[in-house]
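Thanks for passing this one along.

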Amino acid sequence: MPTKRIEIVQDILTVNDQIAEETNRLLHSKHIFSVNIMASPGAGKTSVILRTLQELTPEIKCAVLEGDTAPVTIDAEKVSGIGIPAIQINTGGDCHLNANLVRKGMQSLDLNALDFILVENVGNLICPASWKLGTDINVVIASIPEGDDKPYKYPNIYRGIQALVLNKVDLKPYVDFNLSYFKAGILALNPDVQFFEVSAKTGEGITDWAAWLKKQIKEVE
Ligand SMILES: Nc1nc2c(ncn2[C@@H]2O[C@H](COP(=O)(O)OP(=O)(O)O)[C@@H](O)[C@H]2O)c(=O)[nH]1
Ligand SMILES: [Mg+2]
């Protein structure tokens, strides 16, 4: 029956939120700041993460949880390839991470040796928006080739974020992307969001974004 189905969904989300709160308390007790990075597949999550880690380390002790729907270790290998601890989480087909998977992933990390944990969620603009992971902030990485209408078509994910990183700005000359239209869509949903324009390819804008992140990390130390 429809009513019963709604109750079950709410139960699952309540349990998820409880685990997320426990994770957040644990991380704060260890003075660790954490970020949930969401984006569509190919927006440049891993590329931006790699650039960001290069700005933050070695001063900030970082680790990354890599979420993928398939049992692959492609992104985790890229991160561990630059000397940063990386844990691969396989969702077993689900289109998003959840708090339980993230908690399990964190059990493989030495939390006493870290200042900052970055979570790369499964590439998807819909499902990850509904699932808290226990991180301090949520970030969406958008990219120029995805088009300027995404805030209007997938509004939910932009509502609960603290920062929007617009990646691949090096492609602006080649793609019809109306920045004002895109920004207006984001700001209508989330007027307080921090907005960064970056290119993981050229490095443009990465310093400003990383500096903002570093400020948040230092605040929980
Ligand atoms: N031109 C350009 N390509 C980029 C940029 N960032 C990432 N890419 C490319 O976009 C593709 C997807 O990047 P990836 O980081 O794997 O995206 P993810 O699936 O969101 O993790 C790769 O071919 C990257 O080389 C960028 O800033 N500019
Ligand atoms: Mg990736």
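1. Helices (H or I, at least four residues) and strands (E, at least two) are DSSP runs, numbered from the N terminus.

2. Before going on, keep in mind that this is a predicted model, where local features need pLDDT of at least 70, side-chain atom pairs count only at pLDDT 80 or more, and totals for chains, interfaces and linings use all residues. Residues are numbered from 1 along each chain as its sequence is written, chains are lettered from A and ligands numbered from 1 in the order written, and side-chain values use heavy atoms, with hydrogens and water left out.

3. How much space lies in the largest pocket? About 310 Å³. A pocket here is an open set of points on a 1 Å grid over the protein atoms alone, where a 1.4 Å probe fits, with protein on both sides within 12 Å along at least five of seven lines; lining residues have an atom within 4 Å of a point. The volume is the space filled by probe spheres set on the points, which are joined across faces, edges and corners.

4. The second largest pocket holds about 180 Å³. Its lining has 14 residues, with G42, K45, T46, D75 and E120 nearest the centre. The largest share, three residues, comes from α2.

5. Now the sheet: seven strands form an open sheet in the order β3-β2-β4-β1-β5-β6-β7, with parallel pairing (two strands pair if DSSP finds at least two bridges between them). β3 (86-90) and β7 are at the edges with a single partner strand each, so one side of each has no neighbour in the sheet.

6. Two of the pairings are worth a look. β1 and β5 (residues 137-143) run parallel over four bridges, and I37 sits opposite V139 in β5. β6 (residues 163-167) and β7 (residues 194-197) also pair in the parallel sense over four bridges, with A163 having Q194 in β7 as its bridge partner.
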